[in-house]
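Here's a quick briefing to read alongside the model. Have the viewer open and follow the points topic by topic.

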Amino acid sequence: MAEGAVAGPRLAELLAAGRRLWEEVESGAEPSSGAPAVQDKVRQGLEALRRAAAMVAQLELFSENEELEEIASADLKYLLLPALLGALTLKQVDLSRRLEHLESARAQFWRFLKLCRSYGLGSFPLPPASPPAEEDAGSPSPGGPAAAQASLVAMASSRQAKIERYKQKKELENRLASMRTFVESGQADEDQIREFYILQIQKWINTSLEEIESIDQEMVILRSRGTAKQPSAPPHGTSRQARTPLKPFVLTRDAAQAKVFGAGYPGLPTMTVDDWYEQRRRQGVVSGQSVPQRTPGIADEELQKQQQEKKEEEDDEEALQKARNWDDWKDTHPRGYGNRQNVG
């Protein structure tokens with residue numbers, strides 16, 4: 001179909017405006033992607049691209065039942081609308097709606113890849129329409145060594161596919177850079193214009209595959225965080241009752257130890273010394289005279305102190321008496337008294 005007959009210049013202007021705004025945001029001229037100026041460009045670009053996509057759907061420019069040769073060369077660039085919408089959707093920085101933006105961007109990328117597959121633009125495995133579940137993403141599949149070996153083979157194949165996509169992307173970028181000025185200046189013929197747009201579509205196929213893989217990984221992380229933050233409600237809506245704090249206690253090793261120490265080891269005494277003597281006296285084990293008489297109102301420490309002082313005084317008197325007796329003995333017995341060994 002000829003663009004002027006069905007699409008008109010307005011559609012081309014909307015696509016050009018949306019793509020230009022995406023390139024400005026992608027270039028990173030602003031210090032932060034969350035800057036108000038950047039987010040204004042993101043909103044304006046999304047609005048222009050959405051209007052263009054609505055017009056393409058209304059005009060029914062593309063159909064999965066037709067061949068690539070049936071599409072006019074000038075209309076090929078409108079195949080990029082879903083991919084550009086997905087790329088600009090990812091540029092939004094509202095964290096409270098991040099999961100919603102990821103889902104919307106993924107749907108746009110997947111729609112673009114499915115349309116390209118239907119027209120035979122590139123040979124690539126089409127990702128699943130919906131992201132993998134949280135329990136299936138990143139977890140090794142059970143099944144023993146055979147499953148582990150299959151997982152390693154899949155990882156190696158995925159890595160090789162990424163390397164091939166990267167090489168193709170660099171090659172496509174170089175070819176597009178050499179053709180861009182020639183096409184945009186109006187000097188290219190229809191075949192060259194067609195090749196230029198097909199190269200752009202193939203470049204965005206690689207980009208869309210990479211973005212879907214990154215989106216799936218980020219969605220798993222966000223969902224796991226959301227599950228972890230949910231408070232665990234009590235069953236059947238019952239409110240938690242405040243528990244009475246328990247008093248500390250010590251367990252004894254056996255019944256015999258419990259009888260000795262009472263409250264447990266280390267235990268508290270269950271009776272005083274006087275009570276124990278009185279109990280033993282009533283049992284006839286000790287006589288009443290053997291029970292120590294304690295001075296009323298005097299503590300145990302004071303009693304022990306008095307007994308120690310009394311003992312020291314008695315010791316001093318005994319020592320003094322011994323010294324006096326020794327002096328008296330020396331007065332009546334001269335030095336050498338009783339030594340008969342040296343007497344001639």
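Helix 3 (residues 36-59) passes helix 4 in a left-handed crossing, where left-handed means that the near helix is turned anticlockwise from the far one by less than a right angle, and right-handed would be clockwise. Keep in mind that this is a predicted model, where local features need pLDDT of at least 70, side-chain atom pairs count only at pLDDT 80 or more, and totals for chains, interfaces and linings use all residues. Residues are numbered from 1 along each chain as its sequence is written, and side-chain values use heavy atoms, with hydrogens and water left out.

**Helix 3 against helix 4**

- The axes of helix 3 and helix 4 come within 10 Å and cross at roughly 155°; axes here are lines fitted to C-alpha atoms, for helices over the stretch in contact, with angles running from 0 to 180 degrees between N-to-C directions.
- Helix 3 and helix 4 are therefore roughly antiparallel to each other (over 145 degrees; under 35 is roughly parallel, 65 to 115 roughly perpendicular, the rest oblique).
- On the helix 3 side, V42, G45, L46, L49, R50, A52, A53 and V56 make the contact, meeting L81, L84, L85, L88 and T89 of helix 4; contact means heavy atoms within 4.5 Å.

**Helix 4 against helix 5**

- Helix 4 (residues 81-89) has its axis within 8 Å of that of helix 5, and the two cross at roughly 160°.
- That crossing angle makes helix 4 roughly antiparallel to helix 5.
- Here too the crossing is left-handed.

**How enclosed is helix 4?**

- 9 of the 9 residues of helix 4 are buried, so the helix is largely enclosed by the rest of the structure; buried means under 20% relative accessible area, exposed over 50%, and partly exposed in between, with a 1.4 Å probe and protein chains only.
- Among those buried residues are L81, L84 and L88.

- H101 is located in helix 5 (residues 98-118) and counts as buried because its relative accessibility is 5%.
- Leaving out residues up to four places away in sequence, H101 touches T89, Q92 and D94.
- S214 belongs to helix 7 (residues 190-229), and its relative accessible area of 40% makes it partly exposed.

**Rings and charge**

- The count of aromatic pairs comes to 2; rings of Phe, Tyr and Trp (its six-membered ring) pair if their centres lie within 6.5 Å, with planes under 30 degrees apart counted as stacked, over 60 as edge-to-face and the rest as tilted.
- One of them is F196 with Y197, a tilted pair at 5.8 Å centre to centre and 55° between the planes.
- Both F196 and Y197 are buried.
- R117 has its charged end over the ring of F124, 5.8 Å from the ring centre (the rule asks for NZ of Lys or CZ of Arg within 6 Å of the centre and within 35 degrees of the ring normal).

**The whole chain**

- The chain has 10 helices and 0 strands, taken as DSSP runs numbered from the N terminus (helices H or I, at least four residues; strands E, at least two).
- Of its 344 residues, 26% count as buried.
- Among contacts with a separation of 6 or more, 68% come from residues 24 or more positions apart.
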